Amino acid sequence: MNLDGRYRGTSEVLLGDRIAPQDLAIENRGIVAAYKDRHPEEPMVAEPLVDTRVYLTLENGGLTTLKSVGSSEHR
């Protein structure tokens, strides 16, 4: 965030463990994080192949998850 010409970080959002990041974009004043994940029954050593998108917004100086599409629908 740019506050009076000085950049500051915000709160973090955990997307997953050992995911494969694909893209990060700003769309419609929100943030879209695209990555590949695994199905819940798959071991962590399995290659992440499930396309997943998380939609985030900035509220009160912190990131908030609006919606997750992809791996959460397969769980």
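**Close-up views of a predicted all-strand chain**

**Figure 1. Strands β3 and β4 are antiparallel and are joined by seven bridges.** The model shown in this and the other views is predicted. Strand β3 covers residues 20–27, and β4 covers residues 30–37. One of the bridges pairs Leu 24 with Ala 33, the latter in β4. Strands in a sheet are held to each other by backbone hydrogen bonds, and the pairing can be parallel or antiparallel.

**Figure 2. Asn 28 and Arg 29 lie in the loop between β3 and β4.** Asn 28 is not a glycine, yet its phi is positive, at about 50 degrees. Arg 29 is likewise not a glycine and has a positive phi, here of about 65 degrees. For residues other than glycine, phi is negative in most cases. Asn 28 has a relative accessibility of 80% and so counts as exposed. Arg 29 has a relative accessible area of 83%; because exposed means over 50%, Arg 29 is exposed as well.

**Figure 3. Four strands form an open sheet in the order β3-β4-β5-β6.** The pairing in this sheet is antiparallel. Strands β3 and β6 are at the edges; each has a single partner strand, so one side of each has no neighbour in the sheet. On average, neighbouring strands of the sheet are turned by 25 degrees against each other, with direction ignored.

**Figure 4. Strands β5 and β6 pair in the antiparallel sense over seven bridges.** Strand β5 consists of residues 50–59, and β6 of residues 62–69. Leu 56 has Thr 65 of β6 as its bridge partner. The hairpin made by β5 and β6 has two residues between the strands. In this hairpin, Asn 60 takes a positive phi near 50 degrees.

**Figure 5. Lys 67 lies over the face of Tyr 55.** The distance to the centre of the Tyr 55 ring is 5.2 Å. Aromatic pairs are absent: a search of the whole structure finds zero.

**Figure 6. Thr 52 is a buried residue in strand β5.** Its relative accessibility is 2%; because buried means under 20%, Thr 52 counts as buried. A polar atom of the Thr 52 side chain lies 3.2 Å from the backbone oxygen of Val 50. Across the chain, 23% of the 75 residues count as buried.

**Figure 7. The whole chain contains six strands and zero helices.** Read from the N terminus, the elements run β-β-β-β-β-β. The radius of gyration is 14 Å, well over the 11 Å given by the globule rule for 75 residues, so the chain is more spread out than a compact globule. Taken along the principal axes, the box filled by the C-alpha atoms is roughly 45 × 20 × 20 Å.

Key. Residues are numbered from 1 along each chain as its sequence is written. This is a predicted model: local features need pLDDT of at least 70, side-chain atom pairs count only at pLDDT 80 or more; totals for chains, interfaces and linings use all residues. Side-chain values use heavy atoms; hydrogens and water are left out. Buried means under 20% relative accessible area, exposed over 50%, partly exposed in between (1.4 Å probe, protein chains only). Two strands pair if DSSP finds at least two bridges between them. Axes are lines fitted to C-alpha atoms, for helices over the stretch in contact, and angles run from 0 to 180 degrees between N-to-C directions. Rings of Phe, Tyr and Trp (its six-membered ring) pair if their centres lie within 6.5 Å; planes under 30 degrees apart count as stacked, over 60 as edge-to-face and the rest as tilted. A charge sits over a ring if NZ of Lys or CZ of Arg is within 6 Å of the ring centre and within 35 degrees of the ring normal. A polar contact is a pair of N or O atoms within 3.5 Å; within protein, one must be able to donate a hydrogen and the other to accept it, and residues adjacent in sequence count only if both atoms are side-chain atoms. The radius of gyration is taken over C-alpha atoms; the globule rule is 2.2 Å times the number of residues to the power 0.38.
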